[in-house]
Amino acid sequence: MHARAVAVTTTALLGAALLAPASRAQASHEGAGPVVIAHRGASAYAPENTLAAVDKAAELGIDWVENDVQRTRDGELVVIHDESLRRTTDVEEVYPDRAPWQVKDFTAAEIARLDAGSWFGAAYAGARVPTLEQFVARLERHHQKLLLEIKSPELYPGIEHETLKVLGNEGWLDRRHVSGRLIVQSFSADSVRTVHELKPAVKTGFLGTPPVSDLPAYAEFTDQINPSHDSLSLGYVSAVQAFTGPRGRPMEVFAWTVDDAADARVTAGYGVDGIITNRPDVVRAATHGEASDNE
């Protein structure tokens, strides 16, 4: 990443955040709680990043779904987390001589043959790795929202442009979607910056915990700083939220990946704007005062 350090009074800013009785997000979430985002769909209950996981999130009443996009050898965008197909499909059986079974080395048609559900449970046998088009179509059917991670962009030069093209073709870059139903994020600051430069109206997120001194630079191209929940503090969250992002609104914090009710309550107490979780019903119950059968 090439985020530059900017000489600002960040020490004073962080000190003020630490002394603040409540952050902006805490005030806005009183009685409401942070946004709950289903990580790779409701992936504690259905195979991750499949349409079944989207359906399960919808069944649980979860609006936001996170997923990961990568590119096949022939240029198709598919929804899968790992760079290798090995963990979540039967690729070793179907293509035994193709190790290390990386997504980028298979065509879309070859990946479409794979079973992406049996590893999770027999009830999901035959589930497929969806294309990005198939995934957003299922979200649209359920009137859900999309937190889209561009995965390992260094492996896929130009994937930012291609992802935005697919989203545009599928109707996800109109005002209705970009105003409240779409966020694009990445662990790569360069990738996030590229998305912002290509389509400034799209809300963006950086996955990580950059130093407070670097936040002014990040605020030029990302609307969110989305760290691991165990790296957070009230002061850090408040410091992020004190900045205005590139779209003229206060920056936000979505924390990941929280599956335990106690951790969810602690994370919500930091004033985060959202919590990414494999068990969205558990986190919602813990942070919104609802009952959950799985807590």
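These legends describe close-up views of a predicted model.

**View 1. Strand β6 is enclosed.**
Strand β6 covers residues 203–207. Five of its five residues are buried, so β6 is largely enclosed by the rest of the structure. Lys203, Gly205 and Leu207 point one way from the strand. Thr204 and Phe206 point the other way. Residues on both sides are buried.

**View 2. β6 pairs with β5 and with β7.**
Strand β5 (residues 182–186) runs parallel to β6, and four bridges join them. Val184 stands opposite Thr204 of β6. Strand β7 (residues 224–226) also runs parallel to β6, through three bridges. Here Gly205 has Gln224 of β7 as its bridge partner.

β4 spans residues 145–150. Five of its six residues are buried, so β4 too is largely enclosed by the rest of the structure. Strand β2 (residues 64–71) pairs with β4 in the parallel sense, over six bridges. Val65 stands opposite Leu146 of β4 in this pairing. β4 also pairs with β5 in the parallel sense, over four bridges. There, Glu149 has Gln185 of β5 as its bridge partner.

**View 3. Leu146 sits in the largest nonpolar core.**
This core holds 70 residues. Leu85, Leu132, Phe135, Leu146, Leu215 and Ile225 touch the most other members. Leaving aside residues up to four places away in sequence, Leu146 touches a set that includes Trp64, Val65, Phe135, Val136, Leu139 and Leu167. Asn67, Trp172 and Arg181 are also among the residues that Leu146 touches. A second, separate core has six residues, among them Ile37, Leu147, Ile183 and Phe254.

**View 4. Trp119 and Phe120 form an edge-to-face pair.**
The structure holds six aromatic pairs. In this one, the ring centres of Trp119 and Phe120 are 5.5 Å apart and the planes stand at 85 degrees, so the pair is edge-to-face. An angle over 60 degrees counts as edge-to-face. Trp119 is partly exposed, with a relative accessible area of 36%. Phe120 is also partly exposed, at 29%. Ring pairs link Trp119, Phe120 and Tyr124 into a cluster.

**View 5. Phe206 and Tyr218 form a tilted pair.**
The ring centres of Phe206 and Tyr218 lie 4.9 Å apart with planes at 50 degrees, so the pair is tilted. Phe206 belongs to β6, and Tyr218 to helix α10 (residues 215–218), so the pair ties together parts that are twelve residues apart in sequence. Phe206 counts as buried, at 3% relative accessibility. Tyr218 is buried as well, with a relative accessible area of 0%.

**View 6. Two arginines lie over aromatic rings.**
The charged end of Arg193 sits over the ring of Phe221, 4.5 Å from the ring centre. Arg98 lies over the face of Tyr95, at 5.3 Å from the centre of that ring.

Key: Residues numbered from 1 in each chain as written. Predicted model: local features only at pLDDT ≥ 70, side-chain atom pairs only at ≥ 80, totals over all residues. Heavy atoms only, no water. Phe/Tyr/Trp six-rings, centres within 6.5 Å; stacked < 30°, edge-to-face > 60°. Buried < 20%, exposed > 50% of the residue type's maximum accessible area, 1.4 Å probe, protein only. Helix = DSSP H or I, 4+ residues; strand = E, 2+ residues; numbered from the N terminus. Lys NZ or Arg CZ within 6 Å of the ring centre and 35° of its normal. Core = buried A, V, L, I, M, F, W, Y, C linked by side-chain atoms within 4.5 Å. Contact = heavy atoms within 4.5 Å. Pairing = 2+ DSSP bridges.
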